[in-house]
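Here is a short briefing to read alongside the model. Let's begin with some aromatic rings and then move on to the space and strands around them.

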Amino acid sequence: MRPPLLVLLCLFILPASAQVVAPQRVKDDMADAAQALLQTMTPEQRKQATYPFTDNERVNWDFVPHARKGLMLKQMTPEQQKLAWALLKTGLSDEGYSKATQISDLENVLRVVEKRPENDTYRDPEGYYVTLFGDVGSTDPWGWRFEGHHLSAQFSSLTGKVMALTPMFMGSNPGVVRVDVPQKGKQLMREETDMAFKLLHSLNETQLTQATLAKKAFGNILTGNSRRASLERMDGLTYADMTASQRRQFLDLLKLYVGRYRITLAKQQMDRIEKAGLDQLRFAWAGDMTEGNSIGYYYRIHGPMLLIEYDNTQNNANHVHTVVRDLTNDFGDDLLRDHYERAKH
């Protein structure tokens with residue numbers, strides 16, 4: 001059956017813009033948030049905040065309190081501070097973002113614990129820096145970092161896809177807030193602690209022997225703020241040697257760390273972990289095995305491409321460090337190398 005003449009006439013006289021839908025730019029929340037912050041910066045602020053993507057500063061990361069390269073929150077206007085936190089939120093889940101904001105708030109607690117004045121800049125909730133690398137949102141690789149005491153998050157992107165999202169460091173000092181402040185009773189890393197002890201205490205004697213690295217904890221995460229994370233060997237109890245119940249507990253602990261990222265990035269990272277082989281992942285422990293004591297302890301999850309470290313040893317085991325490293329793709333080493341190789345052709 002032929003269409004009515006009126007329909008044919010309407011199709012004929014419609015403007016081209018109505019007949020053909022132009023392709024739309026895929027929304028890139030991360031690039032949009034970075035651009036929104038950049039657009040508010042003065043020339044001097046841009047000079048502080050931006051570096052070439054290939055600059056060595058991009059792989060210079062740390063988690064102790066000191067001055068950094070980049071634009072500090074304290075140097076921003078209130079609106080710019082909101083935009084800086086909004087940028088961080090594009091990479092994190094609600095839970096991950098909540099941890100990040102609480103980490104900065106613990107600087108207020110440390111001022112009280114250490115009897116520092118309110119205007120102290122060593123313990124400062126505004127002592128966090130945003131640094132941008134490369135041409136934001138371009139077709140070339142670009143990235144950014146949000147970093148300060150006990151918080152380091154960095155992401156590298158290419159044509160709308162996040163190529164790298166590690167190292168990721170989150171810490172808590174105090175581990176449990178015991179002084180008389182509004183934050184009293186807060187235990188920021190409670191789940192990371194409780195779930196690991198639950199898994200540890202489920203192990204039988206043979207498994208415990210496999211999982212134990214040392215009777216005494218190491219005093220800090222072993223990889224520190226190294227450019228490339230590596231350990232001489234993979235030790236500990238393998239996922240393959242766990243019971244079904246223990247495997248579920250182990251995966252819950254693993255996903256707690258991966259779940260700090262927004263859901264799409266968490267899935268992207270879990271896909272990489274599973275592709276490398278869950279059976280090769282290991283759970284290892286060092287130090288005290290009784291939760292609540294003032295004796296330090298350490299654990300890690302280690303596999304072919306993944307390393308997660310947790311330590312609670314300083315300040316009478318009331319000072320927690322956690323880090324997630326991608327052993328093949330920190331700072332985008334693996335995926336960006338592949339990109340550059342393809343670009344040659």
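Phe63 and Phe169 are both buried (under 20% relative accessible area with a 1.4 Å probe, protein chains only; over 50% would be exposed, and partly exposed lies in between). This is a predicted model, in which local features need pLDDT of at least 70 and side-chain atom pairs count only at pLDDT 80 or more, while totals for chains, interfaces and linings use all residues. Residues are numbered from 1 along each chain as its sequence is written, and side-chain values use heavy atoms, leaving out hydrogens and water.

**Aromatic pairs**

- The count comes to 19 aromatic pairs, where rings of Phe, Tyr and Trp (its six-membered ring) pair if their centres lie within 6.5 Å; planes under 30 degrees apart count as stacked, over 60 as edge-to-face and the rest as tilted.
- Phe63 and Phe169 are a stacked pair, with 4.0 Å centre to centre and 5 degrees between the planes.
- This pair links distant parts of the chain, 106 residues apart: Phe63 is in the loop between strand 1 (50-51) and strand 2 (71-72), and Phe169 is in strand 7 (residues 168-172). Strands here are DSSP runs of E, at least two residues long, numbered from the N terminus.
- Tyr299 and Tyr310 are stacked too, at 4.6 Å centre to centre and 15 degrees between the planes.
- Because Tyr299 lies in strand 11 (residues 297-302) and Tyr310 in strand 12 (residues 306-312), their pair ties together parts that are 11 residues apart in sequence.

**Charges over rings**

- Arg58 has its charged end over the ring of Phe53, 4.0 Å from the ring centre (the rule asks for NZ of Lys or CZ of Arg within 6 Å of the ring centre and within 35 degrees of the ring normal).
- Arg247 places its charged end over the ring of Tyr239, 4.9 Å from the centre.

**The cavity**

- A search of the whole structure finds one cavity of 30 Å³ or more (a set of points on a 1 Å grid over the protein atoms alone where a 1.4 Å probe fits but cannot get out; lining residues have an atom within 4 Å of a point).
- The largest cavity holds about 40 Å³ of space, the volume being that filled by probe spheres set on the points, which are joined across faces, edges and corners.
- Among the residues lining the largest cavity are Arg58, Trp144, Phe155 and Ser156.

- Strand 5 (residues 151-158) and strand 6 (residues 161-164) pair in the antiparallel sense over three bridges; pairing takes at least two bridges found by DSSP.
- Ser156 stands opposite Ala164 in strand 6.

Note on methods:
Helix = DSSP H or I, 4+ residues; strand = E, 2+ residues; numbered from the N terminus. 1 Å grid on protein atoms, 1.4 Å probe; cavity = no way out; pocket = protein on both sides within 12 Å on 5 of 7 lines; lining within 4 Å.
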